[in-house]
Amino acid sequence: MTILGLDTSGPACSAALTRDGQLVQEIVLNTALTHSETLMPAIERVMEGANASVSDLDAIAVVAGPGSFTGVRIGVCAGRALAHAGNKPVCRINSLEALAAGAPNARGIVCPILDARRMQVYSAAFHVDAEGKITRILPDDARKLTDFLNELPHDEELYFTGDGVSVHESAIREIVGSRARFAPVHARILRASSACFLAEGKKDEWAKYDSLTPIYLRAPQAERERNEKLTRQKV
């Protein structure tokens, strides 16, 4: 089984190719360039390095959010285009689940958080057992960090990962205390290989290219600002 994975949902742009459960090629770029500039060259380099073409793929795994609205759209559009051109199925991957799956040495309650700005985080919580099986215990949501932390179990160790950790680590330590553990800095970035490995276990969710849609937890900023303006005008 050969799977191409794509992720542009966060600060880093990533492309990976796995074959029969093994990582063959992966590129992770965390630069000042936009994902629209880096994604296609990254895909080309991964495919070339793996000596593969689109016709060799069994599926394309795309991280569809939550995350950056612009970044998510870039990844989804690229995934749809490749799948359409090659007549390949797509697998829509949740960024928070992929972060939990890729967290090194994470066991117990794993809490991926992404910085959503406006004093919020995109967050969820999963239980990861000794064999790496993931079970969701809290749904995705865009919420205040304190609200999220208050929803978590109060008597268990909590493992935090994702780009939101760097922004909120001190607040988490203050509220959670010694129960908080954190992924190493280099491991807080979502990698496309995690999407590939998740897609292998989600074959029943593979679908036609036009089924691939973004995962948004709130309206885009422009829409929110427009609605706020309309509300003020009505007052």
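**Exercise 1.** Determine which residue of β5 is the bridge partner of V62.

*Solution.* The bridge partner of V62 in β5 is R92. Next, consider the strands concerned: β4 (residues 59-63) pairs with β5 in the parallel sense, over four bridges. Strands here are DSSP runs (E, at least two residues), numbered from the N terminus, and two strands pair if DSSP finds at least two bridges between them. The model is a predicted one, in which local features need pLDDT of at least 70, side-chain atom pairs count only at pLDDT 80 or more, and totals for chains, interfaces and linings use all residues. Residues are numbered from 1 along each chain as its sequence is written, and side-chain values use heavy atoms, leaving out hydrogens and water.

**Exercise 2.** State the order of the strands in the open sheet and identify its edge strands.

*Solution.* The sheet consists of five strands in the order β3-β2-β1-β4-β5, with mixed pairing. The edges are β3 (22-29) and β5 (90-93), each of which pairs on one side only.

**Exercise 3.** Locate D140 and describe which side chains form polar contacts with the side chain of D140.

*Solution.* First, D140 lies in strand β8 (residues 134-144). Second, apply the criterion: a polar contact is a pair of N or O atoms within 3.5 Å; within protein, one must be able to donate a hydrogen and the other to accept it, and residues adjacent in sequence count only if both atoms are side-chain atoms. The side chain of D140 has such a contact with that of N94 at 2.5 Å and another with that of R136 at 2.8 Å. Finally, the C-alpha atoms of D140 and L96 are separated by 7.8 Å, although these residues are 44 residues apart along the chain.
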